[in-house]
Amino acid sequence: MMYVDIHKDAKLDEIWKMILGKLGNNIASKISSKSSSFYKTQDGIECSLRKLNGDLVAICYRENNRSNGYRWTIEICNEN
């Protein structure tokens, strides 16, 4: 798992760039913005990172952190 701490007022495009930056080029180059999505859940906001063909690369979810912002947890799928 990887983590990204982001300030509370960050926009989705900024969050997207920080998540991809944390993943590094090897994994980030496989991800398609057209196949990936942010979505609301009962617990908050999550993100699925997918390849162009729809295969899941990673799941990200948001939690409050101690510095009045959010921590995004990134879980890479095993097959990637």
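Please keep in mind that the model is predicted. Its 5 strands form an open, antiparallel sheet in the order β1-β5-β4-β3-β2, and helix α1 lies across β1, β2, β3, β4 and β5.

**The sheet**
- Reading across the open sheet, the strand order is β1-β5-β4-β3-β2, with antiparallel pairing.
- At the edges are β1 (2-7) and β2 (32-41), each of which pairs on one side only.
- From one strand to the next, the twist averages 20°.
- Within the sheet, β3 (residues 44-50) pairs with β4 in the antiparallel sense over 5 bridges.
- Ser48 has Ile59 in β4 as its bridge partner.

**The helix**
- Helix α1 spans residues 12-23 and runs at about 150° to β1.

**Thr73, a residue in β5**
- You will find Thr73 in strand β5.
- Thr73 has a relative accessible area of 1%, so it counts as buried, the cut-off being under 20%.
- Leaving out residues up to four places away in sequence, Thr73 touches Met1, Met2, Tyr3, Ile59, Cys60, Tyr61 and Glu63.

**Asn65, a residue in a loop**
- Asn65 sits in the loop between β4 (56-64) and β5 (69-76).
- The side chains of Asn65 and Asp5 are joined by a polar contact of 3.4 Å.
- A polar atom of the Asn65 side chain also lies 3.1 Å from the backbone nitrogen of Ser67.
- Beyond its neighbours within four places in sequence, Asn65 is in contact with Asp5, Tyr70 and Arg71.

Key: Residues are numbered from 1 along each chain as its sequence is written. This is a predicted model: local features need pLDDT of at least 70, side-chain atom pairs count only at pLDDT 80 or more; totals for chains, interfaces and linings use all residues. Side-chain values use heavy atoms; hydrogens and water are left out. Helices (H or I, at least four residues) and strands (E, at least two) are DSSP runs, numbered from the N terminus. A polar contact is a pair of N or O atoms within 3.5 Å; within protein, one must be able to donate a hydrogen and the other to accept it, and residues adjacent in sequence count only if both atoms are side-chain atoms. Contact means heavy atoms within 4.5 Å. Buried means under 20% relative accessible area, exposed over 50%, partly exposed in between (1.4 Å probe, protein chains only). Two strands pair if DSSP finds at least two bridges between them. Axes are lines fitted to C-alpha atoms, for helices over the stretch in contact, and angles run from 0 to 180 degrees between N-to-C directions.
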